[in-house]
Amino acid sequence: FNSTNGSVQGSYATGNASATGGAGANGASGASGGTSTGGFTGGAGVAGAVGTVGGVASAGGLIGFNVGAVASDSYATGNASAAGGAGGFGGTAGNGGASGAGVVGVAGVAGGAGGAGGAAYSGGLNGSNTAIGVTITIANTTGTVVSVGGTGGTGGSGGAGGAGGSTTGAIGGAGGAAGAGGAGGLAASGGVAGLNSAGVIRDLTYAITTITASGGVAGVGGVGGDAGASGNISGSAGATAGAGGAGGAGGAVYLGGIVGDNTGVIENVIVTGSLSATGRNGGVGNVGGAGGNGSLGTGGHTGGVGGAGATGGAGGAIYIGGIVGQGNGNISNSRATGGSITVTGASGAVGGAGSAGGVGGSGSGRSGVGGAGGTGGAVGPVYAGGAIGYNSVASVLVDTVYSTNDINVTAGTGGAGGAGVGAVNGAAGSVGGA
């Protein structure tokens with residue numbers, strides 16, 4: 001770390017540098033509620049806590065994180081690698097306690113969401129450069145640059161609803177929703193810096209060595225909570241189960257010959273060579289809980305509806321260019337030539353399957369309808385350019401910039417919808433996900 005008062009002059013580094021972000025804390029699991037011994041509602045469970053975000057990692061051949069001055073007589077020749085920390089798991093929710101005679105079961109509570117994976121920034125010179133007014137005129141011409149985003153945490157399961165009272169019967173409580181999986185952490189790599197949010201990079205010629213960036217693995221959603229069982233109630237229908245947790249999005253990739261993600265200034269730069277990237281797929285949406293069991297019911301009591309499957313996670317975005325992956329800063333008198341940009345986009349994940357409805361009551365009771373399948377995840381977008389992958393700021397100046405690089409993109413696919421549940425014992429089948 002080079003602080004705001006720091007000045008790096010006449011310095012060099014030939015060794016390898018690596019950084020790994022710390023793992024986020026797992027969310028605490030909730031306690032279950034107590035059973036009622038009289039004509040009262042059972043105790044509610046405690047919701048699962050959210051997992052925390054994984055730590056950021058920033059590695060550079062010379063400086064990991066720079067907010068100070070760097071003189072042009074300093075350089076680096078070693079390898080740089082950064083890995084974001086894993087997000088914490090969401091906590092599992094506690095279950096609801098059974099209610100007393102004639103009292104409806106208490107509803108289940110939600111599981112905690114998984115924490116997002118930590119970001120990773122890696123650069124041949126600086127992992128992250130946020131120094132205003134600093135001019136960089138050197139590049140690491142020999143070292144490899146690698147960044148890997150942190151893995152998203154798994155969502156916590158929803159809590160089960162409490163059972164409904166008997167004697168004078170009542171239905172159970174609805175199941176709690178599951179927590180979503182955490183998004184994978186972003187990865188940003190560049191020959192000079194993974195992230196350049198300020199300052200100037202100018203007057204350098206750079207031949208790409210090996211520069212890679214891999215977005216973090218997406219977290220999987222949790223399982224929805226089961227609905228509570230019905231007591232010996234006549235007629236009506238049992239409780240509905242909780243929905244599954246959505247899958248997290250795959251981690252984004254920012255990859256450039258000079259800078260992965262740039263909002264600073266780049267002038268008079270020549271880059272030669274090729275880059276390639278593969279997107280990170282979304283996390284799987286999980287299944288819902290089981291519908292409330294109505295087997296103790298009478299008089300045509302119908303089982304509860306099954307929990308819906310969750311939406312699959314979207315594929316991670318890719319921003320890649322011969323000079324910068326994302327270029328929201330001024331770039332002038334620069335070019336990227338003599339190579340190719342090759343991309344395989346990320347795919348969306350499959351949606352969660354619907355879960356079965358509950359069993360119906362004795363005699364004419366029908367089973368509950370199964371839960372609907374979840375929607376498949378969206379395909380990951382790709383922004384690829386010979387010089388600049390993506391520019392979203394209208395006021396940015398791009399002047400006398402060109403590329404002769406070939407661009408080759410293979411798109412990912414959208415995720416398949418989750419399966420519905422077939423018809424059973426008088427219950428209609430449920431719809432599958434889109």
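Residues are numbered from 1 along each chain as its sequence is written, and side-chain values rest on heavy atoms, with hydrogens and water left out. Because the model is predicted, local features need pLDDT of at least 70 and side-chain atom pairs count only at pLDDT 80 or more, whereas totals for chains, interfaces and linings use all residues.

The protein has 0 helices and 28 strands, where helices (H or I, at least four residues) and strands (E, at least two) are DSSP runs numbered from the N terminus. Along the principal axes, the C-alpha atoms fill a box of roughly 85 × 40 × 35 Å. Of the 434 residues, 55% count as buried; buried means under 20% relative accessible area, exposed over 50%, and partly exposed in between (1.4 Å probe, protein chains only). The accessible surface comes to about 14900 Å², of which 54% belongs to carbon and sulfur atoms. These areas come from the Shrake-Rupley method with a 1.4 Å probe, and for residues only the protein chains shown count as cover. Among contacts (heavy atoms within 4.5 Å) with a separation of 6 or more, 87% are accounted for by residues 24 or more positions apart.

An open sheet of 5 strands, with parallel pairing, has the order E11-E15-E19-E23-E27. Strands E11 (135–136) and E27 (398–403) stand at the edges with a single partner strand each, so one side of each is left without a neighbour in the sheet. Two strands pair if DSSP finds at least two bridges between them. Within this sheet, strand E15 (residues 200–207) runs parallel to strand E19 (residues 265–272) and is joined to it by 7 bridges. Leu204 stands opposite Val269 in E19.

Strand E21 (residues 318–321) is covered on both faces: Ile318 and Ile320 on one side, and Tyr319 and Gly321 on the other, are all buried. Strand E17 (residues 253–256) runs parallel to E21, and 4 bridges join the two; the bridge partner of Val253 in E21 is Ile318. A further 4 bridges join E21 to strand E25 (residues 382–385), again in parallel. In E25, Tyr383 is the bridge partner of Tyr319.

Rings of Phe, Tyr and Trp (its six-membered ring) pair if their centres lie within 6.5 Å; planes under 30 degrees apart count as stacked, over 60 as edge-to-face and the rest as tilted. By this rule the count comes to 5 aromatic pairs. Tyr254 and Tyr319 form a stacked pair, at 4.6 Å centre to centre and 5° between the planes. Tyr254 lies in strand E17 and Tyr319 in strand E21, so this pair ties together parts that are 65 residues apart in sequence. Both Tyr254 and Tyr319 are buried. Tyr319 also forms an edge-to-face pair with Tyr390, at 5.4 Å centre to centre and 65° between the planes. Since Tyr390 lies in strand E26 (residues 388–390) and Tyr319 in strand E21, the pair ties together parts that are 71 residues apart in sequence. Tyr319 is buried, with a relative accessible area of 12%, while Tyr390 is partly exposed, with a relative accessible area of 26%. One aromatic cluster is formed by Tyr254, Tyr319, Tyr383 and Tyr390.
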